[in-house]
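Please keep the sequence and the coordinates at hand while reading.

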Amino acid sequence: MAKLVRGFRDIFGPEAAALTALEASARKVFKLYGVSELRIPTVEQKELFVKATGTTTDIVQKEMYSFEDAGHRLLALRPEGTPGVARAYIENNFAQGSPVQQFFYIGNMFRAERPQAGRYREFEQIGAEFLGNPAPAADAQAILLLKDIMKDFGVKHYSVKINSLGCEKCRPLYRQALIEYLSSSKDDLCDLCKDRLERNPLRVLDCKIDGPKFKESAPKMALCPECEEHFSQVKKLLDGKIDYIVDPCLVRGLDYYTRTVFEFQAGESSQNAIAAGGRYDTLIKSMGGADIPAVGWAMGAERTCAALGALPDYGEKKVYVVSLEKDCNEYAFNIMQTLRDAGIITEGGLFDKNIKGQMKQADRTKASLAVIVGGTEKERGTAELKDLTSGEQKEYLISELAAAIKNIK
């Protein structure tokens, strides 16, 4: 018997409906902000993610699905969206004609991490990238865009944390101070953080094991005047529009972030980030492109749906058509098509079953209404419309049926 690969899953029912609703909310808000869709490929060259995310990240060191294809190319399933967007920006020469771009993507990502409750090796991300704008307004706009998606989708209970990681002027000093601080407790670090210590000490603060032990007492970033002004302006633009907490210990797990970083968090667990991002002003240049500033974020779609708590009923009004007699099957079939033409969700066609079997299927499909026809209705050009919740039933002319269904609340 064929079985699912461990860490992957089928999604159906209310959870699939919730993901569809989240995607619809995201697309609605992206349109309001003038953000265009960019569909990036699922497979990229492995080197793209190594260069973009950094050799010390968990993604590159242990989580990436990579393989050699028949042409002996080293490829990888995308573990995140930003490197693909940056590659597309460079490869399509946006910097030459229209350097300022706003993109969003919706798609599945892949990471070969150990499956945990609520975490899978294939998962959906919704992301936005603002390229070519160095202003604090781009940072604030990215954060408020994310807030508006949460609002439209209905997520109410979450917190927002922001911080600044500085730039190439002020971060080296902080990096050295952090190395000196952590080195005094090197024996207490996990094996992975011992390796990170010299190459990327900020990642220690993001470690699930060592982060909670050290980040509160670790030295804090002293921003240069330019970064201080930038962060101050971001906060000023956000004030009164969103509640946020400045968390000087907030870092990101990828190497390319600079200046503003942020997280939307829901719940108390260590895996409580439902969306996160920040500014990455040096990434595109480091990948061989122009010196283009950028800021963006990615949302975990499944985690965001989980933040709703009990999933709402996303079902719309649905009609199930039942035929009582073989001679009425064509009549019933034509009614189904008439209702669909009127924009009404309609199921049916199980006409080889008796009425009990057809009504049982109507219940399985969670139809709220049943249209029932027999010889009498066919002769009159009518149909019986039954409310499957109240049991109320009434006869309508076929020409009036669609309007009657639409008027039922």
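The model is predicted, so local features are given only where pLDDT is at least 70 and side-chain atom pairs count only at pLDDT 80 or more, while totals for chains, interfaces and linings use all residues. Residues are numbered from 1 along each chain as its sequence is written, and side-chain values use heavy atoms, with hydrogens and water left out.

**Helix pairs**

Two packed helices are described by the angle between their axes and the distance between the axes. Here the axes are lines fitted to C-alpha atoms, for helices over the stretch in contact, with angles running from 0 to 180 degrees between N-to-C directions. The helices (H or I, at least four residues) and strands (E, at least two) are DSSP runs, numbered from the N terminus.

| Helix pair | Axes come within | Crossing angle |
|---|---|---|
| H6 (residues 136–153) and H11 (residues 225–238) | 8 Å | roughly 40° |
| H14 (residues 329–341) and H17 (residues 398–407) | 10 Å | roughly 45° |

Angles under 35 degrees count as roughly parallel, over 145 as roughly antiparallel, 65 to 115 as roughly perpendicular and the rest as oblique. With axes crossing at roughly 40°, H6 and H11 are therefore oblique to each other. H6 passes H11 in a right-handed crossing, where right-handed means that the near helix is turned clockwise from the far one by less than a right angle, and left-handed anticlockwise. On the H6 side the contact (heavy atoms within 4.5 Å) is made by Pro-136, Ala-137, Asp-139, Ala-140, Ile-143 and Leu-144, and on the H11 side by His-230, Gln-233, Val-234, Leu-237 and Leu-238. By class, these residues of the contact of H6 with H11 divide into eight nonpolar, two polar and one charged, where Ala, Val, Leu, Ile, Met, Phe, Trp, Tyr, Cys and Pro count as nonpolar, Asp, Glu, Lys and Arg as charged, and the others, Gly among them, as polar.

For the other pair, the axes of H14 and H17 cross at roughly 45°, which makes H14 oblique to H17. H14 passes H17 in a right-handed crossing. Tyr-331, Ile-335 and Leu-339 of H14 meet Ile-398, Leu-401, Ala-402 and Ile-405 of H17 in this contact. The residues of the contact of H14 with H17 comprise seven nonpolar, no polar and no charged.

**Cysteines**

How many disulfides does the model contain? If a disulfide is taken as a pair of cysteine sulfur atoms within 2.5 Å, the count comes to zero. Cys-170 is in no disulfide, and the nearest cysteine sulfur, that of Cys-227, is 3.9 Å away. The sulfur of Cys-227 has its closest cysteine sulfur in Cys-167, at 3.4 Å, which is too far for a bond.

Buried means under 20% relative accessible area, exposed over 50%, and partly exposed in between, with a 1.4 Å probe and protein chains only. Cys-170 counts as buried at 4% relative accessibility, and Cys-227 is buried with a relative accessible area of 1%.

Cys-207 lies in the loop between helix H9 (202–206) and helix H10 (211–214), and at 10% relative accessibility Cys-207 counts as buried. Not counting residues up to four places away in sequence, Cys-207 touches Cys-190, Cys-193, Arg-196 and Pro-212.

**An enclosed helix**

Seven of the 10 residues of helix H4 (residues 82–91) are buried, so H4 is largely enclosed by the rest of the structure. The buried residues are Thr-82, Pro-83, Gly-84, Val-85, Ala-86, Ala-88 and Tyr-89. These buried residues of H4 pack against several elements, among them strand E5 (101–110), strand E6 (122–131) and helix H12 (283–286).

**Individual residues**

Most residues other than glycine have a negative phi, and most peptide bonds are trans. H4 is followed by Asn-93, whose phi is positive, near 55°. Arg-259, although not a glycine, has a positive phi of about 55°; Arg-259 is found in strand E9 and is buried, with a relative accessible area of 17%. Lys-366 has a positive phi of about 60° although it is not a glycine, and Lys-366 sits in the loop between helix H15 (355–364) and strand E14 (369–373), where it is exposed with a relative accessible area of 71%.
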